[in-house]
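Thanks for coming, everyone. I'll keep this short. Please look at the sequence and the structure on the screen.

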Amino acid sequence: MDDRGDSFVAVRRISQGLDRGNTCHSTSAEVVAGSAAWLGRGLSCVCAQRRDSDARPSFDLTPAQEECLQRLQNRIEIPYDGLIPEHQDALRALWNAAFPEEELHGLKSEQWKEMGWQGKDPSTDFRGGGFISLENLLFFARNFPKSFQDLLRKQEGDRSVWEYPFAVAGVNITFMLIQMLDLEAVKPRTIVGATFLKFLEENGSAFDLLYCITFKLMDHQWLSMRASYMDFNAVMKATRRQLEEELLVEDLTRLEDLPSYKLLTR
């Protein structure tokens with residue numbers, strides 16, 4: 001899901017019928033195809049070091065932070081593979097969390113469009129976020145079920161006629177966070193990325209938790225901007241700016257202290 005112009009789906013609202021990990025110290029909807037550049041696929045002691053050959057600073061990490069970062073990077077590198085039983089089970093678990101009273105007819109089914117996937121095979125949408133984007137959605141559903149259901153079913157606020165597709169937006173959020181936090185670099189090259197590692201060191205599920213915060217913040221921005229589906233990129237940019245500002249507030253010790261964390265409900 002990069003800015004090369006991959007296709008997307010917009011969800012038209014028809015009715016309101018549908019009714020944390022290790023310690024690494026039926027809204028009825030009409031799915032409409034289209035094309036646009038959906039965003040796709042970034043501290044204990046951190047000292048900025050600017051090299052003559054590199055215009056961007058790098059940040060020294062403690063051994064514990066390096067280990068936590070490597071574990072997260074290992075997760076990021078795993079692509080979604082529909083042939084792996086663990087991945088299949090996770091996808092089924094996501095469906096059951098989203099629609100506990102509706103039986104899933106198969107891993108390839110038109111039913112997936114109800115969740116905001118582009119087609120009947122969700123695996124085609126994971127190419128931008130990998131398996132971790134599925135893990136993020138599942139973490140959200142299990143740890144903040146009220147907020148997850150509110151966003152899935154668009155139950156809060158004055159909604160647009162043409163809404164963002166929930167699941168595809170979730171994959172985009174995973175990708176945006178990886179970029180914003182610079183998580184694919186050997187060392188973070190931004191203050192935001194280095195600051196995040198402080199939280200990751202204290203909470204091995206920090207990335208998943210930040211994902212939940214970001215998803216809820218994105219929807220809050222969507223409503224505040226009275227956005228429609230063509231405004232999605234602008235909403236994501238506004239969400240990123242707000243998130244970066246909050247992460248850089250002094251004296252934060254936990255992600256739960258972020259102002260936007262208060263948007264979440266269990």
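First, the ground rules. This is a predicted model, so local features need pLDDT of at least 70, side-chain atom pairs count only at pLDDT 80 or more, and totals for chains, interfaces and linings use all residues. Residues are numbered from 1 along each chain as its sequence is written, and side-chain values use heavy atoms, with hydrogens and water left out.

Now the overall picture. The protein has 8 helices and 5 strands. Helices here are DSSP runs of H or I with at least four residues, strands are runs of E with at least two, and both are numbered from the N terminus. The order along the sequence is β-β-β-β-α-α-α-α-β-α-α-α-α. There are 266 residues, and 52% of them count as buried. Buried means under 20% relative accessible area, exposed means over 50%, and partly exposed is in between, with a 1.4 Å probe and protein chains only. The accessible surface is about 12,400 Å². Carbon and sulfur atoms hold 49% of that surface. Those areas come from the Shrake-Rupley method with a 1.4 Å probe.

Next, helix α7, residues 206-224. Which helices does it pack against? Take α8 to begin with, residues 232-247. The two axes are 9 Å apart, at an angle of about 125°. Axes are lines fitted to C-alpha atoms, for helices over the stretch in contact, and angles run from 0 to 180 degrees between N-to-C directions. That angle makes α7 oblique to α8. For the cut-offs: under 35 degrees is roughly parallel, over 145 roughly antiparallel, 65 to 115 roughly perpendicular, and the rest oblique. The crossing of α7 and α8 is right-handed.

Contact means heavy atoms within 4.5 Å. By class, the contact of α7 with α8 has 11 nonpolar, 4 polar and no charged residues. Ala, Val, Leu, Ile, Met, Phe, Trp, Tyr, Cys and Pro count as nonpolar, Asp, Glu, Lys and Arg as charged, and the others, Gly among them, as polar.

Then there is α5, residues 166-180. The axes of α5 and α7 come within 10 Å and cross at roughly 125°. So α5 is oblique to α7. This crossing is right-handed. The α5 side includes F166, A169, I173 and L177, and the α7 side includes F207, L210, Y211 and T214. The residues of this contact divide into 11 nonpolar, 3 polar and no charged.

Is T214 buried or exposed? T214 is buried, at a relative accessible area of 0%. Beyond four places in sequence, T214 touches I173, M176, L177, T239 and L243.

On to another pair, α1 and α6. The axes of α1, residues 63-76, and α6 come within 9 Å and cross at roughly 90°. That makes α1 roughly perpendicular to α6. A64, Q65, C68, L69 and L72 of α1 meet F196, L197, K198, L200 and E201 of α6. The count is 7 nonpolar, 1 polar and 2 charged.

Now some single residues. A93 lies in helix α2 and is buried at 18%. Leaving aside neighbours within four places in sequence, A93 contacts L138 and R142.

K120 sits in the loop between α2 and α3. K120 is partly exposed, at 47%.

Last, two loop residues with positive phi. D182, between α5 and α6, has phi near 55°. R226, between α7 and α8, has phi near 50°. Which is buried and which exposed? D182 is buried at 10%. R226 is exposed at 64%.

That's the tour. Questions, please.

Technical notes
A crossing is left-handed if the near helix is turned anticlockwise from the far one by less than a right angle, and right-handed if clockwise.
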